[in-house]
Amino acid sequence: MSATVLSGKELGAAVRAEATAAAAELAASGTPPKLAVVVATADESSAWYVRSIARSAGKAGIDCEIVDLGAEATAEQIGDRLAALSADASVHGIILQTPLPAGAALEDLASAIAFEKDVDGANPLSLGRLAAGLPAFAPATAEAVVALLDHHKVELTGRHVAVVGRSTVVGKPAAHLLLDKNATVTVCHSRTRDLAAVTSAADVVVAAVGRPGLITAAHVRPGAVVVDVGTNPTADGGLVGDVDPSVTDRAGALTPVPGGVGPVTTALLLQHTVKAAQAARLR
Ligand code: NAP
């Protein structure tokens, strides 16, 4: 039997609709929401992603400024721009797009993003607060994983979730959010011994690696739920996840790529931006 498709389109549309209404209200009250995306790369898939954020923001009535510093930008230039945007009262959300030029590390630079404008949870302060169970913006992709499972009524309490990938952008924050949902979480990475043994013991597998086909039927228990976070560009201009097509006949439910985690991630970035603008209006 083929796995149930856990689409992100419906949830993405609902979150976008809420953000659009909130953005209109903010604009009417004199605080038009604004997102700034700082880019310092010539990477084509990154450019595609940034354009899609700008398009979604525009449709939702959120001003989106793409601050392109060029692939030759230094860490100092990027840090200075992040600090300037953090001090600019007209900007409510700031995203630092990866990859970054050699010599510029996200972990270092993201500290220059004001915590209250850190709508993609990149500042280490946000991750620390998330880990401590305190209010903070979670990285949108990690939040999208949990929101999508929630939307499709996948029970997490007491269930074993294997997260494959431990980046600060996806794997680690997703693990914290899943713990908050009372799941029993195992985090796997490139040094995990016998990945298939760990993941096939799990009720839910979250694949966040960036390697097409890494998760095969042998990695999945029959009937398990699989969330595919991977976005790997194909030679023909398409997109595939980390999950091999063989999983479709083994899993109980599976998120598609594209159309799964992606649309929810973008919608949550918009939601975070209007929340940041709402908080700024009250200050
Ligand atoms: P990343 O920083 O490169 O991290 C990849 C993780 O996978 C690392 O923790 C790495 O382990 C682990 N890994 C690598 N090879 C492995 C293997 N053979 N077995 C088990 N684990 C392995 O990537 P990322 O930024 O987290 O992104 C992961 C994927 O999500 C990418 O495809 C990215 O494009 C996608 N993504 C999607 C969205 C969305 O909105 N849908 C947003 C962001 C990212 P080590 O730590 O040991 O190196």
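**A capped helix, its loops and the ligand**

Tutor: Asn123 caps the N-terminal end of helix H5, with a side-chain oxygen 2.9 Å from the backbone nitrogen of Leu125. That pair is a polar contact: two N or O atoms within 3.5 Å, where inside the protein one must be able to donate a hydrogen and the other to accept it, and residues adjacent in sequence count only if both atoms are side-chain atoms. The model is predicted, so local features need pLDDT of at least 70 and side-chain atom pairs pLDDT 80 or more, while totals for chains, interfaces and linings use all residues. Residues are numbered from 1 along each chain as its sequence is written, and side-chain values use heavy atoms, with hydrogens and water left out.

Stay with H5. It covers residues 124-131. Helices (H or I, at least four residues) and strands (E, at least two) are DSSP runs, numbered from the N terminus. Which residues of H5 are buried? They are Ser126, Leu127 and Leu130. Buried means under 20% relative accessible area, exposed means over 50%, and partly exposed lies in between (1.4 Å probe, protein chains only). Looking down the axis of H5, the buried residues fall within an arc of 95°, so they line one face of the helix. That arc is taken from the directions that run from the helix axis to the C-beta atoms. Helix H7 (171-180) is among what covers these buried residues. Just after H5 comes Gly133, with a positive phi of about 75°.

Now the loops. Thr41 lies between strand E2 (34-39) and helix H2 (44-59). Thr41 counts as buried because its relative accessibility is 17%. Its side chain reaches the backbone nitrogen of Asp43 at 2.9 Å. Setting aside neighbours within four places in sequence, Thr41 is in contact (heavy atoms within 4.5 Å) with Ser46, Gly70, Ala71 and Pro99.

The peptide bond joining Thr98 and Pro99 is cis, with omega about 0°. Val257 and Pro258 are also joined by a cis bond, with omega about -5°. Pro258 is in the loop between strand E11 (253-254) and H9. Keep the background in mind: most peptide bonds are trans, and most residues other than glycine have a negative phi.

Lys153 belongs to the loop between helix H6 (140-151) and strand E5 (160-164). Its relative accessible area is 73%, so Lys153 is exposed. Asp194 is not a glycine either, and its phi is positive at about 50°. Look for Asp194 between strand E6 (184-188) and helix H8 (195-199). At 53% relative accessibility, Asp194 counts as exposed.

Ala208 lies between strand E7 (204-207) and strand E8 (225-228). Is Ala208 buried or exposed? It counts as buried, because its relative accessibility is 16%. Asp244 is in the loop between strand E10 (239-240) and E11. At 24% relative accessibility, Asp244 counts as partly exposed. Asp244 and Gly213 are 31 residues apart along the chain, yet their C-alpha atoms are 4.0 Å apart. Beyond four places in sequence, Asp244 touches Gly213, Ile215 and Thr216.

Finish at the ligand. How many residues surround it? There are 21, and the closest are Thr141, Arg166, Ser167, Ser190 and Thr231. A residue belongs here if one of its heavy atoms lies within 4 Å of the molecule. This shell divides into 8 nonpolar, 11 polar and 2 charged residues. Here Ala, Val, Leu, Ile, Met, Phe, Trp, Tyr, Cys and Pro count as nonpolar, Asp, Glu, Lys and Arg as charged, and the others, Gly among them, as polar. Helix H9 (residues 261-282) gives the largest share of the shell, 3 residues.

Now the atom pairs. A polar side-chain atom of Ser167 lies 2.5 Å from a ligand oxygen. A side-chain N or O atom of Arg166 is 2.7 Å from an oxygen of the ligand. A polar backbone atom of His189 is 3.5 Å from a ligand nitrogen. Taken alone, the ligand exposes 930 Å², and the protein buries 71% of that. Such areas come from the Shrake-Rupley method with a 1.4 Å probe; for residues, only the protein chains shown count as cover.
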